[in-house]
Amino acid sequence: MKFEERKKQFEVWLRRLWRALRENFRHFWHRFQLTRWLIVIFLSAFLLMSIYLTIVAKTANVRSLQSRLEHPTMVYDQNGNSAGSLYSQKGTYVKLNEISPNVTAAVLSTEDRNFYHEHGFSVKGLGRAAFLLVKNKVLGRDYISGGGSTLTQQLVKNAFLSQEQTFSRKAKEIFISVEVENQYSKNQILTMYLNNAYFGHGVWGIQDAAERYFDTDAKDLTVPEAATLAGMLTSPGTYDPVNHPKATKARRNLVLELMVENHKLTNQQTKHYQATPLVVNNGYQSPNTYRYPAYFDAVIAEAINKYGLTEAEVMNDGYKIYTTLNQGQQRAMQSVFNDDENFPANLADGSMVQAASVAVNPKTGGVTALYGGRGKHVFRGYNRATQMRRQPGSTIKPIAVYTPALIHGYFYDSTLQDEKTTYGTGKHRYTPKNYDNQYSGEVPMYKALYESLNAPAVWLLNKIGVNTGYKMAEQFGLPVESGDKNLALALGGLTKGVSPLQMARAYSVFASGGKLPTTHFITKIVDASGHQVKRKGHLTQKRVIKQSVANEMTSMMMDVFKLGTGKSAAPSGYTLAGKTGTTNSGIKANDSDRDKWIIGYTPDVVVATWEGYDDTTATQQLSDVENRDIYALYRSEMSDLLPHTAGTKFQVKDAQTRATSGTKTPNGNLLQQASDFAQNVKDRLNQAWNNVRSLFQ
């Protein structure tokens, strides 16, 4: 009995407590007007979200959508002529009157029957999507399950957003869809959708899909063909008429039934069309507009790195990209490098000698031609002309040794020591050798250069100081590191190495009269709306050495192709200056080479060419007795490329001719000194003017 009484007392106490709490909570709720506060918080959150999504929609550049979809990104050469186009998610764009009415009937019956009666989104569809969202959240799934998307929303998803299925993406999709509906008519939206839809096998757009699967034009598609393509839109991989004909036919027949429900076909017509066999005829040929693969790869990379665009934007958003490309030079370079007869035969395991080359306008820094490597092209793959890092060998001598020597009082005909000499002690002993291990005791500087003698170069660097040569290499734009501060710098012994593009830029200093340009591929980018895209940083030309020093170096390097190591690489009828270089394989008891370089220039163009294997092994090395070596390659390359230049002549004589005729160095000439002073003043004034202009750009 006592237990029952206590139980009743406890229940009474609980009811009183609950009644008191409820009354206090009700009093508290009314006192502080919590209902109103919740409404305010909810409406504020909704307002903020709406403002944010409206801003997203207004800044999505919807106005240029049609232009972006209609036109591929075009690439223009240095003269403004078309050089090709870029696209990855585009097909042949056709107008609505060039698309069969059967297509629109099938697509609208399947994808969006109320397309002409809604404003970008469907309330019923959103309700279905909301139900599925709640269901997925309850089941622990963090995505939205299909449904709810209108035709406009699908267009927006493909053109502006990612394919992720989240609430935030769905919300953005709705607001941007409304903006699209505000900017375009229904027929314009339908046209853009059909031209931007994916149909599998790398085919985008209704016209290319018609050619790919039925060998016909979009305007001539029959009802069964149109139903087949409409059925592919939800899942091109699943309903693929090539690989899954049964599933595709079943899907086609379902679309035909949906067309009956949408009053586009009668039952009798549907039965007739459903009995039609599914026949695939491939008449599609992908257009080859990516004419200069390695060059275009580099253009895309620069558009991303210097103009802040994404790869998808560059490829799909209808930009006009104006470049420094010289199509004549590019075709000449590709023709030579694509000819296997210009290279040693492949090894037994299929390994091939690789090669890369780049041509630069020394006055502007514009890259006029580029070849990134032999073999099958991989889109935005490894570009040896711009990305490779290899030892430059003796091609660094003019930069790190002979140029600073001239600046520090040496003359082109100064006498250098040519003896086998050991520098340093212990572990730091260094004994450079000439390539033939022959030494003459003394040699004039210009001859040491054109014969590419190692002993005099190292001796000279030791005399002027390693730091002097190191700083000069830095000023020429080479990526030297602190570990390169040693005498091996004279022979190209760098920690990480250089690319052909970096060497071409460095040699532009000699060809341009002493200025280091910013190498670049793009001069400007214009978007689909006609607005110019701003570049990060300015293109500059920085004076590195005096023009008189550049002329002296050119005079000495002309003998490389006239008398020295580059004689067999010289093209007939042209005068070049430049330097050759090789690096040893590094394999003991083996004198073969790892890298071979030739860099040559005229006042109009600098061409840096490299040859070697990607990986140096006991079998993958370059022999000195190849009958199809880099010298023959370079001679062919320059013979074909130089006709596409202005043909400007050097204003200096070669050093050998000057030496034999008794011509003195111009370094002490008062007229030359006055010319250098005037040039320096002009450069400073130009730099000041450019700095002022940059403030207003």
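This is a predicted model: local features need pLDDT of at least 70, side-chain atom pairs count only at pLDDT 80 or more; totals for chains, interfaces and linings use all residues.
**Salt bridges and helix packing**

Lys 219 has a relative accessibility of 47%, so it counts as partly exposed. The partner of Lys 219 is Asp 220, and their side chains form a salt bridge with N and O 3.3 Å apart. Asp 220 comes out at 42% relative accessibility, so Asp 220 is classed as partly exposed too.

As background, side chains of opposite charge can pair when their charged atoms come close. Searching the whole structure gives 15 salt bridges. I'll go through a few of them.

Take Asp 604 and Lys 363. Their side chains meet in a salt bridge, 3.6 Å from N to O. Asp 604 is in the loop between β13 (593-601) and β14 (606-612), while Lys 363 is in the loop between β4 (354-360) and β5 (367-371), so this pair ties together parts 241 residues apart in sequence. Lys 363, at 43%, is partly exposed.

Next, Asp 654 and Lys 562. They form a salt bridge whose closest N and O atoms are 3.1 Å apart. Again the pair links distant parts of the chain: Asp 654 sits in the loop between α23 (630-641) and α24 (655-661), and Lys 562 belongs to helix α22 (residues 547-562), 92 residues away. Asp 654 has 8% relative accessibility, so Asp 654 counts as buried. Lys 562 is partly exposed, with 41%.

There is also a network of salt bridges, and it links Arg 390, Arg 594 and Asp 595.

You'll find Gln 207 in helix α9 (residues 206-214). Its relative accessibility is 7%, so Gln 207 counts as buried. What does the side chain of Gln 207 reach? The backbone nitrogen of Ala 218, at 3.0 Å. If we leave aside neighbours within four places in sequence, Gln 207 is in contact with Thr 92, Val 94, Thr 216, Asp 217 and Ala 218.

Last topic, helix packing. Two packed helices are described by the angle between their axes and the distance between the axes. I have two pairs, and α11 is in both.

Helix α10 (residues 223-232) packs with α11 at about 105°, the axes being 8 Å apart. Angles of 65 to 115 degrees count as roughly perpendicular, so α10 and α11 are roughly perpendicular to each other. On the α10 side the contact uses Val 223, Pro 224, Ala 227, Thr 228, Ala 230 and Gly 231; on the α11 side, Thr 248, Arg 251, Arg 252, Val 255, Leu 256 and Met 259. Sorted by class, that contact has 7 nonpolar, 3 polar and 2 charged residues.

The other pair is α11 (residues 245-261) with α12 (residues 267-274): their axes come within 9 Å and cross at roughly 170°. The cut-off here is over 145 degrees, so α11 is roughly antiparallel to α12. From α11, Lys 249, Arg 252, Asn 253, Leu 256, Glu 257 and Val 260 meet Asn 267, Thr 270, Tyr 273 and Gln 274 of α12. In this contact the classes are 3 nonpolar, 4 polar and 3 charged residues.

Definitions and conventions:
Residues are numbered from 1 along each chain as its sequence is written. Side-chain values use heavy atoms; hydrogens and water are left out. Axes are lines fitted to C-alpha atoms, for helices over the stretch in contact, and angles run from 0 to 180 degrees between N-to-C directions. Helices (H or I, at least four residues) and strands (E, at least two) are DSSP runs, numbered from the N terminus. Angles under 35 degrees count as roughly parallel, over 145 as roughly antiparallel, 65 to 115 as roughly perpendicular and the rest as oblique. Contact means heavy atoms within 4.5 Å. Ala, Val, Leu, Ile, Met, Phe, Trp, Tyr, Cys and Pro count as nonpolar, Asp, Glu, Lys and Arg as charged, and the others, Gly among them, as polar. Buried means under 20% relative accessible area, exposed over 50%, partly exposed in between (1.4 Å probe, protein chains only). A polar contact is a pair of N or O atoms within 3.5 Å; within protein, one must be able to donate a hydrogen and the other to accept it, and residues adjacent in sequence count only if both atoms are side-chain atoms. A salt bridge is a side-chain nitrogen of Lys or Arg within 4 Å of a carboxyl oxygen of Asp or Glu.
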